[in-house]
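Here's a quick tour for anyone meeting this structure for the first time. Have a look at it below, then read on.

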Amino acid sequence: MKKIIFFELNEVPFRVMDEFCDRYPHSTLAKIRPRCHEYKTHAKDEGMLEPWITWPSVHRGVSNQNHQIHDYNQPLDSTDQQYPPIWKILRNHNIKTGVFASLHSYPLPENFSDYAFYIPDPFASESHCHPVEASSFQEFNLMMSRISGKNVSSKILLGPATKLVLNSGKLGLRPSTFLDIGRQVSHEIIDSKVVVRRRSYQTILAFDIFMKLLKTKKPEFTTFFTNHVASAMHRYWAATFPSDYDADKIKPEWQRDYRDEISFAMQKFDQFLKRLVEFVDRNKDYKLIVLGSMGQAATDLPYYTNSMIVITDMTSLMQALGLKEGDWQIKAAMVPQVNLVICPAQVEAFRTAIESFSIDGQQLIYREDEGGFFSLDFSFPDIQSDQAHLLGKVFKLTDVGLKNEQLQDGVRVSGWHTPEGAMIIYDPDAETGTKSNQISTLSICPSLLENYGIPIPDYMCDERIAEVFA
């Protein structure tokens, strides 16, 4: 049995890794790949692929047809009982386990103190963490995530930031990280467009904390999740890979402005990778697995977007939809998605209201789940009207807590989800690596269980990845 660091590099395919290695042949990723086992992965999930759907499939060893997870903060009690995530299975078999930001890891389990550490995902509804000192980071992390949706906020939240700095020693935040943040802020003064790179810096802070926990707690299995590269790919795929598109669809100035953004995000990942490889080389009872639950590629969707609708006053919006305080509870979600739990007495009226909601002729898209859970999709790009239609009435957007906001980078999405992803395994004992054919992401969880000698549930697939447990 080897201990495993399970680095969840969301949605990054070999296409992006290859481009980065060609561009930076002396990077850590380029140096270690000849010694790594590489796999093209395939997500078996049906319907629209989203990370909140495909990661549960990796963690639980079943596809979305079984686990039925569709949204962030969806109630998961029954799903966890039937198809528990890998960290719960391992912990229940006394494997020393750490969890850092993996999707659907909120809320903390009742036995969270039995984990080496447990920092819930960035869509948590509260900042509680184990160990407790990590809560100051999580508070800052959650608040920064909330104020930066499609546009990155240049605000610095002084209260949470001060608390984070005061705890920096305990958390393991390095002076070099603060110097890096200082350089970023200075760069923004010279070139305001690079403010979009702030999306990487919450992960940079998080990784410092993760490395200290990894070194001090030495878990037998640990996860670490990051979305910072995926975020850049979604927006700037067309800037990095313009040949994937018809030439007349690329705006040269936009392409010049943002062609380095995926590379910048990958450089930050490479810095993480360097530290992890050094750790594994010193601790040869570990191996490192880097993977995504799916990948990305060019999309033919319209990707240049000047504006999108944002919610400025949730209370006003809910009042317009016929709800009063106490009738609804908001749950964290990824913009432009809004997740809500509606009290049972108001579910039918709320459904009727949202089905009547439109802006500029575009209907509001929603999904409903059990327990009064609603997921609303407020992706209304390039709206020309300042009015919303609701229950046969016409409202100004501002009167119902909405705003048509200009996008700072002029893009909605140019890279989109594909079933094909990437997985690499770095084992310090391996002299040479291999490249293998496509494997199902559903084979990862049972392969991990086999590594730890844990009986594999009957509902998981029979396929195994030998290099995971060899």
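H104 sits in the loop that runs between β3 (97–100) and β4 (117–119); helices (H or I, at least four residues) and strands (E, at least two) are DSSP runs, numbered from the N terminus. This is a predicted model, where local features need pLDDT of at least 70, side-chain atom pairs count only at pLDDT 80 or more, and totals for chains, interfaces and linings use all residues. Residues are numbered from 1 along each chain as its sequence is written, and side-chain values use heavy atoms, with hydrogens and water left out.

**Around H104**
- H104 is buried, at 8% relative accessible area (buried means under 20%, exposed over 50%, partly exposed in between, with a 1.4 Å probe and protein chains only).
- Its side chain reaches the backbone oxygen of W52 at 2.8 Å.
- Leaving out residues up to four places away in sequence, H104 touches W52, P56, I69, D71, Y72, L76, W87 and D121 (contact means heavy atoms within 4.5 Å).

**Nonpolar cores**
- The largest nonpolar core has 108 residues, and F7, F100, F210 and L288 touch the most other members (a core is a set of buried Ala, Val, Leu, Ile, Met, Phe, Trp, Tyr and Cys residues joined through side-chain atoms within 4.5 Å).
- Helix α14 (residues 261–282) gives the most to this core, with 11 residues.
- Apart from that core lies another, of 27 residues, including M314, A320, L364 and L390.
- Setting aside neighbours within four places in sequence, the contacts of F100 include F117, I119, F137, F210 and F224.

**Salt bridges**
- The structure holds 25 salt bridges (a side-chain nitrogen of Lys or Arg within 4 Å of a carboxyl oxygen of Asp or Glu).
- One of them joins R33 and D18 at 2.8 Å, N to O. This pair links distant parts of the chain, with R33 in the loop between α2 (28–32) and β2 (37–42) and D18 in helix α1 (residues 14–23), 15 residues apart.
- R33 is buried at 12% relative accessibility, while D18 is partly exposed at 34%.
- D71, one of the residues that H104 touches, meets R367 in a salt bridge of 2.3 Å, N to O. The two are 296 residues apart: D71 is in the loop between α4 (64–67) and α5 (77–82), and R367 is in strand β13 (residues 365–369).
- D71 is buried at 3%, whereas R367 is partly exposed at 26%.
- E368 and R351 also meet in a salt bridge (2.8 Å, N to O). E368 lies in strand β13 and R351 in helix α16 (residues 347–355), so the pair ties together parts 17 residues apart in sequence.

Definitions and conventions:
Polar contact = N/O pair within 3.5 Å; in protein donor to acceptor, adjacent residues only side chain to side chain.
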